[in-house]
Amino acid sequence: ATSVRQSLTASPQGEALVAEQAKPDSFPSRGSLLGGEGRNKAMIELEHVVKNYGGIPALRDVSFHVHAGEIVGLLGRNGAGKTTALNLITGYFPPTEGTVRIGGKEMIVDPRGCKRMIGYLPEKPPLYDEMTVEEYLLFVSELREVVKKANKKHVDEIIELCGLTEM
């Protein structure tokens with residue numbers, strides 16, 4: 001297995017946001033989940049991204065990319081910019097400067113198209129106790145405008161991939 005460690009400038013205190021990328025040789029085939037695209041396609045790209053909150057920098061000149069099929073973890077101390085980076089990647093708010101692309105599309109230009117390609121579980125997810133795992137995933141995929149005819153198959157693949165078949 002190969003891994004790449006990339007340190008990114010993140011906070012004004014000099015704390016680093018680190019993207020850990022791993023490409024295990026035995027990674028399972030997930031063609032339908034990756035849209036049949038090759039692994040060399042950058043699925044997530046940040047280019048010279050800056051995010052300020054009222055003049056206070058949270059991210060400064062952050063650039064990295066993640067290819068289809070890669071597993072990535074964002075590591076860093078509190079305040080390093082991990083949550084801010086995820087919020088930008090998922091389109092919860094725009095960068096102050098720079099470009100965020102998902103599947104080659106710019107988030108600022110086509111936010112709906114980008115968000116259709118993202119599955120994101122926030123730190124504190126909104127859960128509905130009365131729903132099963134399958135019902136919740138079907139509900140969320142409908143909100144994300146997953147194509148109706150592919151919805152059930154897609155949810156079944158995700159449940160299997162995450163080992164949630166017994167839930």
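The model is predicted, so local features need pLDDT of at least 70 and side-chain atom pairs count only at pLDDT 80 or more, while totals for chains, interfaces and linings use all residues. Residues are numbered from 1 along each chain as its sequence is written, and side-chain values use heavy atoms, leaving out hydrogens and water.

Start with the open sheet: its four strands run in the order E4-E3-E6-E7, with antiparallel pairing. Helices (H or I, at least four residues) and strands (E, at least two) are DSSP runs numbered from the N terminus, and strands pair if DSSP finds at least two bridges between them. Select 56-67 for E4 and 105-106 for E7, the edge strands, each pairing on one side only.

Next, select 42-53 and 97-102: these are E3 and E6, joined by five bridges in the antiparallel sense. Look there for Leu46, which stands opposite Val100 in E6.

Which residues of H1 are buried? They are Thr84, Ala85, Asn87, Leu88 and Ile89, where buried means under 20% relative accessible area, exposed over 50% and partly exposed in between (1.4 Å probe, protein chains only). After H1 comes Gly91, with a positive phi near 80 degrees.

For your last stop, select Tyr128 in the loop between helix H2 (111-115) and helix H3 (133-143). Tyr128 is partly exposed, with a relative accessible area of 37%.
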